[in-house]
Amino acid sequence: MTRFDRLFEIFEGADCVLITSDINRRYFTGMKSSAGVILAFPEKAYLLIDFRYIEKARFTVKDAEVIELKKLYPQLMELLKKHGAESVAIESETMTVKELNAYEHFFTDLTFIHNDSLSNAISTLRASKDSEEIACIRKAQEIAERALEELMGFIKVGVTEREIALELNRLMFAYGAEDLSFETIVLSGANTSMPHGVPSDKKVESGDFVLMDFGAVYNGYHSDMTRTLCVGEPTEEMRKVYDIVLRAQLAGIEAARAGILGSELDKVSRDIIEKAGYGSCFGHSLGHGVGMEIHEKPNASPNYKLPLNEGAVVTVEPGIYIAGKFGVRIEDFVILTENGCENLTKSAKNLITL
C-alpha cells in the first residue's frame, strides 16, 4: 500500500488533493526538489516537475506518474477532466493566499477545499512512522552520536562555543549527514540558562556546564538530542539540578507509550521538577514529534490533549534553567509502541566531566 493509498483511507471531502509543499512532496514521492506539484486521486497520483528535476524524478519516484511540467494550469486541467474531478483539497498550512487566488482565478469551475482537513490528514499520516522512516531516523541518530563521541576530545577550557558548534557540524557532515536538523546550539557557563541560545565567542571556563542541542538529517529524516556536560568540577548545586533533570527525563521515558495524552506525558516529568522546587525554571514543553521536520506532530506539552500515535517518534527533553547561573537539558527521542517505547538515543546520560 502506497502513502497515497493510506492518505485516501483517512481523508474525505474532495475528489482529489493538490500537494505543493516541498516536505510533503518528498514524503509522498521520495523526491527532494525545490519545485513540483502533486495531483493525487484515489485511483492514481501524478507528479508534475520541471526539466531541472525530470531525469532524477523518473529514476526516483515510484508511486506517482512523472510528467514534465511545461504549463502548470493547462496540464492540471487535463488531468482533472480525465478523472472527472470537481473539487480539490489544498494544504491549508503551506499554500499562500496569493497562490490560492491564482488557482481559483484559473479553475473557475473547480471547488477548492481550503479548510484544515487535508493538512490534518497528512499530519496524522506522517505522525506514525513506517519501517523505512524509522531506519532513516536511526541512521541520522547514529551519525549525530558518532560525531558527539569524537567531539569529546575537542571540548576543553579555552575553546569557544562557536568553535565547538562548528566542529560538531563538521563531524556530522563527515559521517554522512545530508544536512543539519537545525542550527546547532552550543552554550557554556551562564549562557546555558538560555534554552535556545546562539553559540557565541565565549570561551569555556573551568567549572562550566556545556549544553549541546543538535541533530543530523539522513535521507530527509531528522535526529534530535541534547547533552549537558561539565568541563572541570561541577558545584553541588549543579550536580543537584542535573540529577533532578535526569530523574524527570527517565520518568518521562518510562511513561512514554502510544495512547497516552501528550499533556499527561508532559506532566510526568514536570511534576518531578515542580516538586523539587524548580517548576518556574522549566518553561518549555517536554517534547515534540520528529521526522521529516524537526518539529512536527504529535507533541508532549501541557496543551496537547490528544493521544500520542503508535509509531510516533517523540522527544523527551526536560530542563531546568536558572537565569544568570546555568541550565541543564537532557534530550532523547523515542519510538512509541503499544506497551511503551524504544529509546533511539544511546549516548550516556550520567553527568560527564571533562
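These legends walk you through several close-up views of one predicted model. In this predicted model, local features need pLDDT of at least 70 and side-chain atom pairs count only at pLDDT 80 or more, while totals for chains, interfaces and linings use all residues. Residues are numbered from 1 along each chain as its sequence is written, and side-chain values use heavy atoms, with hydrogens and water left out.

View 1. Rolling a probe the size of a water molecule over the atoms shows where empty space is left. On a 1 Å grid over the protein atoms alone, a cavity is a set of points where a 1.4 Å probe fits but cannot get out, and lining residues have an atom within 4 Å of a point. The structure has 1 cavity of 30 Å³ or more, and the largest cavity holds about 50 Å³ of space (grid points are joined across faces, edges and corners, and a volume is the space filled by probe spheres set on the points). Look for Leu-18, Leu-39, Leu-76, Leu-80, Val-88, Tyr-103, Phe-107, Leu-110 and Phe-112 in its lining. By class, this lining has 9 nonpolar, no polar and no charged residues (Ala, Val, Leu, Ile, Met, Phe, Trp, Tyr, Cys and Pro count as nonpolar, Asp, Glu, Lys and Arg as charged, and the others, Gly among them, as polar).

**View 2. The largest pocket.** A pocket is an open set of points with protein on both sides within 12 Å along at least five of seven lines. The largest pocket has a volume of about 540 Å³. Of its 19 lining residues, Arg-3, Tyr-27, Thr-29, Gly-30 and Glu-132 lie nearest the centre. Helix 1 (3-10), helix 2 (22-29) and helix 7 (131-151) each give two or more residues to the lining, and helix 2 gives the largest share, 4 residues. Helices (H or I, at least four residues) and strands (E, at least two) are DSSP runs, numbered from the N terminus. The pocket lining divides into 6 nonpolar, 5 polar and 8 charged residues.

**View 3. Helix 1 against helix 2.** These two helices pack at an angle of about 110°, with their axes 8 Å apart (axes are lines fitted to C-alpha atoms, for helices over the stretch in contact, and angles run from 0 to 180 degrees between N-to-C directions). Arg-3, Phe-4, Arg-6 and Leu-7 of helix 1 make the contact with Tyr-27, Phe-28 and Thr-29 of helix 2 (contact means heavy atoms within 4.5 Å). By class, the contact has 4 nonpolar, 1 polar and 2 charged residues.

**View 4. Two backbone details.** Most residues other than glycine have a negative phi, and most peptide bonds are trans. Here, a cis peptide bond joins Lys-297 and Pro-298, with omega about 5°; Pro-298 is in strand 14 (residues 296-300). Asn-219 is not a glycine, yet has a positive phi of about 50°. You can find Asn-219 in the loop between strand 10 (216-218) and strand 11 (221-222).
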